[in-house]
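Subject: Structure handover

Hello,

Here is the structure I said I would pass on. Please look through it first, then read the notes below.

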Amino acid sequence: MQYTDNEAALIGGLISNYFFQPSVDARLRESYRRVLRHLRENTLSASDLSRIQNALTFLLPLCRDTREAHKDMMLSLIHTDALLRSSR
C-alpha cells in the first residue's frame with residue numbers, strides 16, 4: 001500500500017510549507033527534508049511514516065477552515081496510520 005499522488009502532494013506541500021521555515025529547529029527541518037526525499041523516491045520507512053503522522057496530527061487544527069481540506073487531511077492521516085501498522 002502506498003500514498004496516492006494526491007496524498008503525496010498534500011503531505012509534501014504541508015511539510016515544505018510548515019517545516020522548512022527558518023524558525024524551525026535545524027535538526028527537525030533536516031529530518032523532514034529526508035522524509036520528503038523518501039516520499040518522492042517512494043522509499044518511506046516506519047520512522048518516516050511516524051514523522052508524517054506527527055506532522056499531520058500537529059497541522060490538522062490549521063486545516064479546519066474548509067471542510068474539503070480537513071477531509072483530505074483526515075484521510076491522509078488514516079492512510080498513514082494504516083501504512084504504519086502494516087510496516088510493523
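Helices α1 and α2 cross in a left-handed way; a crossing is called left-handed if the near helix is turned anticlockwise from the far one by less than a right angle, and right-handed if clockwise. Helices here are DSSP runs (H or I, at least four residues), numbered from the N terminus.

Before the rest, some ground rules. This is a predicted model, in which local features need pLDDT of at least 70 and side-chain atom pairs count only at pLDDT 80 or more, while totals for chains, interfaces and linings use all residues. Residues are numbered from 1 along each chain as its sequence is written, and side-chain values use heavy atoms, with hydrogens and water left out.

**Helices α1 and α2**

Two packed helices are described by the angle between their axes and the distance between the axes. For α1 and α2 the angle is about 160° and the axes are 10 Å apart. The axes are lines fitted to C-alpha atoms, for helices over the stretch in contact, and the angles run from 0 to 180 degrees between N-to-C directions. The two helices are therefore roughly antiparallel to each other. The cut-offs for these words are under 35 degrees for roughly parallel, over 145 for roughly antiparallel, 65 to 115 for roughly perpendicular, and oblique for the rest.

On the α1 side, A8, I11, G12, I15, S16 and F19 meet L28, R29, Y32, V35, L36 and L39 of α2. Contact means heavy atoms within 4.5 Å. Sorted by class, the residues of this contact are nine nonpolar, two polar and one charged. Ala, Val, Leu, Ile, Met, Phe, Trp, Tyr, Cys and Pro count as nonpolar, Asp, Glu, Lys and Arg as charged, and the others, Gly among them, as polar.

**Helices α2 and α3**

Here the axes are 10 Å apart and the angle is about 115°. That makes α2 roughly perpendicular to α3. The crossing of this pair is left-handed. L28, S31, Y32, V35 and H38 of α2 meet D48, R51, I52, N54 and A55 of α3. This contact divides into five nonpolar, three polar and two charged residues.

D48 belongs to helix α3 and is buried, with a relative accessible area of 5%. Buried means under 20% relative accessible area, exposed over 50%, and partly exposed in between (1.4 Å probe, protein chains only). From D48 to R64 is 16 residues in sequence and 25 Å in space, C-alpha to C-alpha.

The loop between α2 and α3 holds N42. Most residues other than glycine have a negative phi. N42 counts as partly exposed, at 45% relative accessibility.

**Helices α3 and α4**

Helix α3 covers residues 46-59 and helix α4 residues 67-86; their axes come within 9 Å and cross at roughly 155°. That makes α3 roughly antiparallel to α4. α3 passes α4 in a left-handed crossing. From α3 the contact uses A46, L49, S50, I52, Q53, L56, T57 and L59, and from α4 it uses M73, S76, L77, T80, D81, L83 and L84. By class, these are nine nonpolar, five polar and one charged.

Leaving out neighbours within four places in sequence, S76 is in contact with Y3, E7, L10 and L56. M73 also lies in α4 and counts as buried at 1%. Not counting residues up to four places away in sequence, M73 touches L10, L14, L56, L59, L60 and C63. M73 and P61 are 12 residues apart in sequence and 9.8 Å apart in space, C-alpha to C-alpha.

**The core**

A nonpolar core is a set of buried Ala, Val, Leu, Ile, Met, Phe, Trp, Tyr and Cys residues joined through side-chain atoms within 4.5 Å. Which members of the largest nonpolar core touch the most other members? Of its 20 residues, they are Y3, I11, I15, Y32, I52, L56 and M73. Two or more residues come from each of α1 (5-19), α2 (26-41), α3 and α4. α3 gives the most, with five residues.

Regards
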